[in-house]
Amino acid sequence: MRTVIFDLDGTLADTSGDLIAAANHCFRGLGLGDLLDATTDAATALRGGRAMLNLGFSRVDGVAEDEVDRQYPILLAAYAQDIDRHTVLYPGAMEAVEALRSDGYAVGIATNKPEGLAEKLMRSLGARDAFASLIGADTLPVRKPDPEHHFEAVRRAGGDPAKSLLVGDTATDRDTSRNAGVPSVLVTFGPGRDDVLALDPEATIDCFADLPGVVRQLIG
């Protein structure tokens with residue numbers, strides 16, 4: 001079965017506001033105030049919790065080298081408590097997913113967000129049941145860009161890895177598709193459009209309305 005696997009953060013949903021709020025919770029707990037900005041630091045937010053902590057701590061002096069490791073579980077706990085205050089699905093995302101399903105494609109999610117948080121978020125957004133699989137950062141011993149992360153998402157969706165592609169928004173997604181030997185479609189409507197175009201994926205989309213047609217061109 002032909003299968004389309006989606007990244008979550010920055011691809012299906014703009015999660016940057018809630019992620020940055022969780023990181024700033026950590027910084028405030030250390031008496032450092034809000035070190036990240038929800039607008040200008042959105043691209044870093046979509047690269048994950050440790051990336052946000054590293055960026056914030058780079059802006060102050062005297063932070064211990066192991067502080068990121070100490071704060072990471074605190075960040076995850078804060079995020080879990082307030083996971084969908086600002087998060088929204090990108091316009092047309094679920095319409096594109098439903099169009100793909102109607103055309104006979106299996107659809108799933110492969111994200112480097114912890115599986116439990118990804119499940120909680122997708123259910124809170126009312127979108128989880130549209131996807132036949134969801135693989136998180138801790139579902140397997142490996143994570144993206146390891147190709148097995150993609151392959152397992154395809155298999156759990158009932159698909160054939162040889163007839164699949166990955167929809168994402170970052171170099172991690174592009175590297176995953178290359179390692180898996182499958183096409184990638186990268187979205188350009190997030191905070192890093194120029195960076196996305198430089199990754200030279202098989203295709204890019206400026207809006208989700210374009211996705212079903214691009215998928216048909218790439219995997220039939």
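**Group meeting talk: a sheet and what packs around it**

Hi everyone. Let's begin in the sheet, with isoleucine 5, whose bridge partner in strand 6 is leucine 166. Please keep in mind that this is a predicted model.

Staying with that pair of strands, threonine 3 has serine 164 as its bridge partner in strand 6. Strand 1 and strand 6, residues 164-168, run parallel and are joined by four bridges. What about the other neighbour? Strand 1 also pairs with strand 4, residues 106-110, again in the parallel sense and over four bridges. There, valine 4 finds its bridge partner in valine 107.

Now zoom out. The whole sheet is open, has six strands in the order 5-4-1-6-7-8, and pairs in parallel. Which strands stand at the edges? They are strand 5, residues 133-135, and strand 8, residues 203-205; each has a single partner strand, so one side of each has no neighbour in the sheet. From one strand to the next, the twist averages 25 degrees. Helix 10, residues 211-219, packs on this sheet, where it touches strands 1, 6, 7 and 8. The direction of helix 10 makes about 145 degrees with that of strand 6.

As a general point, nonpolar side chains in soluble globular proteins tend to be buried together. Here, the largest nonpolar core holds 52 residues, and Val4, Phe6, Phe131, Phe208 and Leu211 touch the most other members. Take phenylalanine 6: leaving aside neighbours within four places in sequence, its contacts include Leu12, Val97, Val107, Phe131, Val167, Phe208 and Leu211. Apart from that core lies another, of seven residues, including Ala110, Ile135, Leu140 and Val154.

Let's finish with the helices. In helix 3, residues 49-57, the buried residues are Gly49, Ala51, Met52, Leu53, Gly56 and Phe57. They pack against helix 1, helix 2 and helix 4.

My last stop is helix 7, residues 147-156, and helix 8, residues 171-180. Their axes come within 8 Å and cross at roughly 80 degrees. The two helices are therefore roughly perpendicular to each other. Which residues make the contact? Helix 7 brings Pro147, His150 and Phe151, while helix 8 brings Thr176, Asn179 and Ala180. By type, the residues of this contact are three nonpolar, three polar and no charged.

Conventions:
Residues are numbered from 1 along each chain as its sequence is written. This is a predicted model: local features need pLDDT of at least 70, side-chain atom pairs count only at pLDDT 80 or more; totals for chains, interfaces and linings use all residues. Side-chain values use heavy atoms; hydrogens and water are left out. Two strands pair if DSSP finds at least two bridges between them. A nonpolar core is a set of buried Ala, Val, Leu, Ile, Met, Phe, Trp, Tyr and Cys residues joined through side-chain atoms within 4.5 Å. Buried means under 20% relative accessible area, exposed over 50%, partly exposed in between (1.4 Å probe, protein chains only). Contact means heavy atoms within 4.5 Å. Axes are lines fitted to C-alpha atoms, for helices over the stretch in contact, and angles run from 0 to 180 degrees between N-to-C directions. Angles under 35 degrees count as roughly parallel, over 145 as roughly antiparallel, 65 to 115 as roughly perpendicular and the rest as oblique. Ala, Val, Leu, Ile, Met, Phe, Trp, Tyr, Cys and Pro count as nonpolar, Asp, Glu, Lys and Arg as charged, and the others, Gly among them, as polar.
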